[in-house]
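Thanks for coming, everyone. Have a look at the sequence and the structure on the screen, and then I'll talk you through them.

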Amino acid sequence: MEKQIWIPFLNNFFYELGQVFELTVQAVKGIFQKPFEKRIFLQQLEEVGVNSLPVVSLTAAFGGLVFGLQTYLAFHRYIGPGSESQGGPIIAVGLCRELIPILVGLMVAGRVGSAMAAEIGTMKITEQIDALLSLGASPIKYLVVPRVLASLIMVPCLTLYGDVIGIFGGFTYNVYLMHVNQTLYVQNTLKYFEIWDVSVGLIKAVVFGLVIAIVGCWQGMTTEGGAEGVGRATTKSVVVASISILILNFFLSKILPATLK
Amino acid sequence: MSKIKIVDLHKSFGEKKVLKGVNLEIQPGETMVIIGQSGSGKSVLLKHIIGIMKPDSGKIFVDGQEITSLSSEEMMKLSRKFGMLFQGAALFDSLTVAENVAFGLRRHTNLSEEEIKEMVTASLERVGLRGVENLLPYELSGGMKKRVGLARAIAYSPEIILYDEPTTGLDPIRADAINDLILQLKKDLKVTSIVITHDMNTTYKVADRIAMLYDGRIIEVGTPEEIKNSANPVVQQFIHGRATGPIAEW
């Protein structure tokens, strides 16, 4: 009995994986082929990047604050009062390597990946994708490439921005709210925190950006079944992108070296 | 030589066989109307002719060139020969009317912005629209959308125009205006036209020849007169719109 459930599931899984892989190859190839859709690319840069700033600001700020709070508590309870300033580098490293890339990835998947699936999905069911083809335009070049490229560029930018906000959030909690010694906190941070920690987060962000755009576009391009289909595609794009981000994040953390020193 | 020749075209979606060996020849300059029930595969056939869909087997020749084996890049170039009016017009809803109409021009020609602007205005006037260039598709009525869709399809002077249910969803007066446009475009541009429809008014008004698609095959081809006098009971049931007869599938 179990076999009968697993075979169609795996069948479908590998079929969809194949679709995603093919789309990725076409999209990456398309980046280097003319004509380049500059206008749509700029629109997408704004949509993915600029318009995500409020959401990223809030999540990064509160992420940094709460991470600062727990780190403070941990040092205060387990190492003892006075040791809290040692939390500085832990907060910075933890935010830049893990928390901020993940938060940015999930937020962008939720607000941009879903919009890509909904927009392209609507175009699919109203025959606008067929219309592109009939007018000699490639949907990959016209729709997918600008979105993928914008995501590849903007998700790391947002992550870098989130790093700054998050670290400032952790610093604010410890130094301004809990009156941890500011000099020691900054000294400790600078002593142990490396540029490589930021780089790890940015490498992850590039991967997440690719995943978000490809999954959103893939769900849009394969939408079927009217308004309900668009709804399904939108939901699925968020679920698939979010899960992929969390799973890939673990393996990237495992693969990328802890330090370059 | 026939403009378009379709040979033994087969297409299935999963278990469902939609086209089961379609054969059809369309002559240069004629208007071929393909009739058939909703869901009989008329749109699928149309999408094979312009290369959006690939058949499971069979061949399609356009001006003698076999197109089903072309790569997507080659098909992009060939798409200049075709202009298609989609059922719901399929206007790009993020672009203005002018940008929609200019879309094919930008891809198929090297005209300057000034020339493109002139061509857009001329195409819109040809379908009876003025001063709508800066509107967005959602601001248009259904009939206007179809006209803009048609302007977009003819802007780059294609040799073949395909109409997917051109009058569906329009009131009888607007529908007849579209019929007149189809006739006018044929006269002015000397294009080959393929119209798929289940609207018999349109069929009799614009057709040089009629082909009926039924059960995945073309069961009858002929002039409107020949089709009216067809001995085939399936054809008779369809053209007279009777609920009872040999066609019983729902």
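This is a predicted model: local features need pLDDT of at least 70, side-chain atom pairs count only at pLDDT 80 or more; totals for chains, interfaces and linings use all residues.

Let's start with chain A. How many helices and strands are there in chain A? Nine helices and zero strands. Read from the N terminus, the order of elements is α-α-α-α-α-α-α-α-α. The C-alpha trace of chain A spans about 70 × 55 × 35 Å along its principal axes. Chain A has 261 residues, and 48% of them are buried. Now sequence separation. Take the contacts in chain A between residues at least 6 apart in sequence. Of those, 89% join residues at least 24 apart.

Next, a helix pair. Look at H4 of chain A, residues 87-125, and H6 of chain A, residues 139-177. Their axes come within 7 Å and cross at roughly 145°. The crossing of H4(A) and H6(A) is right-handed. As for what sits in that contact, the residues divide into 16 nonpolar, seven polar and two charged.

On to the core. The largest nonpolar core has 135 residues. Those with the most contacts inside it are A:Ile212, A:Cys217 and B:Leu162. Which helix gives the largest share of this core? H4(A), with 19 residues. Let me zoom in on B:Leu162. Leave aside its neighbours within four places in sequence. B:Leu162 is then in contact with B:Leu46, B:Ile49, B:Ile50, B:Phe82, B:Met84 and B:Ile194.

Now the contact between the chains. It takes 17 residues from chain B and 11 residues from chain A. On the side of chain B that touches chain A, strand S6 (82-85) and helix H3 (97-108) of chain B each supply at least two residues. H3(B) gives the largest share of that side, four residues. By type, the chain B side divides into nine nonpolar, five polar and three charged.

Next, backbone angles. In general, most residues other than glycine have a negative phi. Here are two with a positive value. A:Glu127 has phi near 65°. A:Glu127 sits in the loop between H4 and helix H5 (128-134) of chain A. The other is A:His179, with phi near 55°. A:His179 lies in the loop between H6 and helix H7 (182-192) of chain A.

Are these two buried or exposed? A:Glu127 counts as buried because it has 21 C-beta neighbours inside 10 Å, and the cut-off for buried is 20 or more. A:His179 is exposed, with 9 other C-beta atoms within 10 Å. For exposed, the limit is 12 or fewer.

A:Thr222 lies in the loop between helix H8 (195-221) and helix H9 (226-255) of chain A. It has 18 other C-beta atoms within 10 Å, so A:Thr222 is partly exposed. Pair A:Thr222 with A:Ser114. They are 108 residues apart along the chain, and their C-alpha atoms are separated by 14 Å.

Then A:Phe21, in helix H1 of chain A, residues 2-31. A:Phe21 is exposed, with 12 other C-beta atoms within 10 Å. From A:Phe21 to A:Asn181 is 160 residues in sequence and 51 Å in space, C-alpha to C-alpha.

Last one, in chain B. B:Glu115 is in helix H4 of chain B, residues 113-126. B:Glu115 counts as exposed, with 12 C-beta neighbours inside 10 Å. B:Glu115 and B:Leu105 are 10 residues apart in sequence and 9.9 Å apart in space, C-alpha to C-alpha.

That's my tour. Over to you.

How values were computed. Residues are numbered from 1 along each chain as its sequence is written. Chains are lettered from A and ligands numbered from 1 in the order in which they are written. Two residues are in contact if their C-beta atoms, placed from the backbone, lie within 7 Å. Ala, Val, Leu, Ile, Met, Phe, Trp, Tyr, Cys and Pro count as nonpolar, Asp, Glu, Lys and Arg as charged, and the others, Gly among them, as polar. Axes are lines fitted to C-alpha atoms, for helices over the stretch in contact, and angles run from 0 to 180 degrees between N-to-C directions. A crossing is left-handed if the near helix is turned anticlockwise from the far one by less than a right angle, and right-handed if clockwise. A nonpolar core is a set of buried Ala, Val, Leu, Ile, Met, Phe, Trp, Tyr and Cys residues joined through C-beta atoms within 7 Å.
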